[in-house]
Amino acid sequence: MLAIFHKAFAHPPEELNSPASYNGTKKPKLPEETLNDFLSLHPHNTSSMSFADAAVLAYVRPDPPCQLHQRLFCGFEDIYCLFLGSLNNLFSLIKQYGLSKGTNEAMFVIEAYRTLRDRGPYPADQVIKDLDGSFAFVVYDSKTGTVFAALGSDGGVKLYWGIAADGSVVISDDLEVIKAGCAKSFAPFPTGCMFHSEGGLMSFEHPMNKVKAMPRVDSEGAMCGANFKVDKYTRVNSIPRVGSESNWTQWDSR
């Protein structure tokens with residue numbers, strides 16, 4: 001899967017962007033170049049959706065004999081979800097949210113996002129922590145221009161993110177596409193974490209602890225986009241809890 005968001009709609013940590021990206025022979029690409037590269041790798045089973053200059057989502061349709069992880073893409077009421085992996089407790093989540101039996105993981109994530117967006121009774125970290133399985137997802141709310149992404153804590157699914165030549169945020173499970181499109185300005189998306197375009201990056205496994213940027217140097221000695229890990233010794237200032245009137249996106253991830 002591939003998701004690209006204009007810098008006006010997503011605000012990733014500054015440490016993801018490396019100045020070394022512009023010093024070497026391989027420089028970051030523009031979003032349309034990265035999209036074309038992704039589509040060319042799967043010319044017969046890839047589809048994509050563009051949202052003017054704000055975002056683009058691309059999806060490789062499943063090929064069951066070769067499929068390592070389930071891949072899903074769906075949209076509902078201007079909300080779109082790319083989902084990779086599976087949820088072991090999907091059936092119980094469907095019952096909890098009162099959804100139909102045919103609901104798949106991507107459809108469920110959209111419903112969970114809608115619950116959070118519309119000020120549901122649970123904090124965002126608890127909603128995501130309740131997901132049991134190996135998973136990664138990217139949600140785009142085209143009505144509000146909101147980006148919401150998360151990666152499961154078990155490491156069963158890999159996800160990467162980086163910065164394109166124009167400052168856009170690129171998210172994909174394809175490491176080579178990320179490397180080619182973002183040069184040195186990329187890193188693994190941290191496990192057990194979620195990212196919101198306004199709220200930033202936080203750990204849903206340890207929501208009361210800050211996520212810290214860790215410098216990363218490649219084999220050539222060049223500074224790359226930082227890794228992000230939970231700092232178990234530094235706590236966030238506050239986080240909206242049950243009954244809070246605060247917007248769920250406004251957690252303090254600094």
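User: What makes R117 and D118 a salt bridge?

Analyst: A salt bridge needs a side-chain nitrogen of Lys or Arg within 4 Å of a carboxyl oxygen of Asp or Glu. The side chains of R117 and D118 meet at 3.1 Å, N to O. That is within the cut-off, so the pair counts as a salt bridge. The model is predicted: local features need pLDDT of at least 70, side-chain atom pairs count only at pLDDT 80 or more, and totals for chains, interfaces and linings use all residues. Residues are numbered from 1 along each chain as its sequence is written, and side-chain values use heavy atoms, with hydrogens and water left out.

User: Why is D118 called partly exposed?

Analyst: Buried means under 20% relative accessible area, exposed means over 50%, and partly exposed lies in between (1.4 Å probe, protein chains only). D118 has 47%, so it is partly exposed. R117, at 27%, also counts as partly exposed.

User: Which salt bridge links R117 to a distant part of the chain?

Analyst: The one with D141. The closest N and O atoms are 3.1 Å apart. D141 sits in strand β6 (residues 133-141) and R117 in helix α3, 24 residues apart. Helices (H or I, at least four residues) and strands (E, at least two) are DSSP runs, numbered from the N terminus.

User: Is D141 buried or exposed, and how do you know?

Analyst: Its relative accessible area is 0%, so D141 is buried.

User: What makes the link between S21 and S185 a polar contact?

Analyst: A polar contact is a pair of N or O atoms within 3.5 Å; within protein, one must be able to donate a hydrogen and the other to accept it, and residues adjacent in sequence count only if both atoms are side-chain atoms. The side chains of S21 and S185 meet at 2.7 Å, so the pair qualifies.

User: What stands out in the phi of A183?

Analyst: Phi of A183 is positive, about 55°, although A183 is not a glycine. Most residues other than glycine have a negative phi. A183 is in the loop between α5 (175-182) and β10 (186-188). At 10% relative accessibility, A183 counts as buried.

User: Where is A52, and is it buried or exposed?

Analyst: A52 lies in the loop between β2 (46-51) and β3 (55-60). Its relative accessibility is 74%, so A52 is exposed. Its phi is also positive, near 55°.

User: Why are β2 and β10 called edges of the sheet?

Analyst: The open sheet has six strands in the order β2-β3-β1-β9-β8-β10, with antiparallel pairing. Strands pair if DSSP finds at least two bridges between them. β2 and β10 each have a single partner strand, so one side of each is left without a neighbour in the sheet.

User: What is called the largest nonpolar core?

Analyst: A nonpolar core is a set of buried Ala, Val, Leu, Ile, Met, Phe, Trp, Tyr and Cys residues joined through side-chain atoms within 4.5 Å. The largest has 33 residues. Those with the most contacts inside it include F5, L57 and W161. A second, separate core of 28 residues includes I128 and F137.
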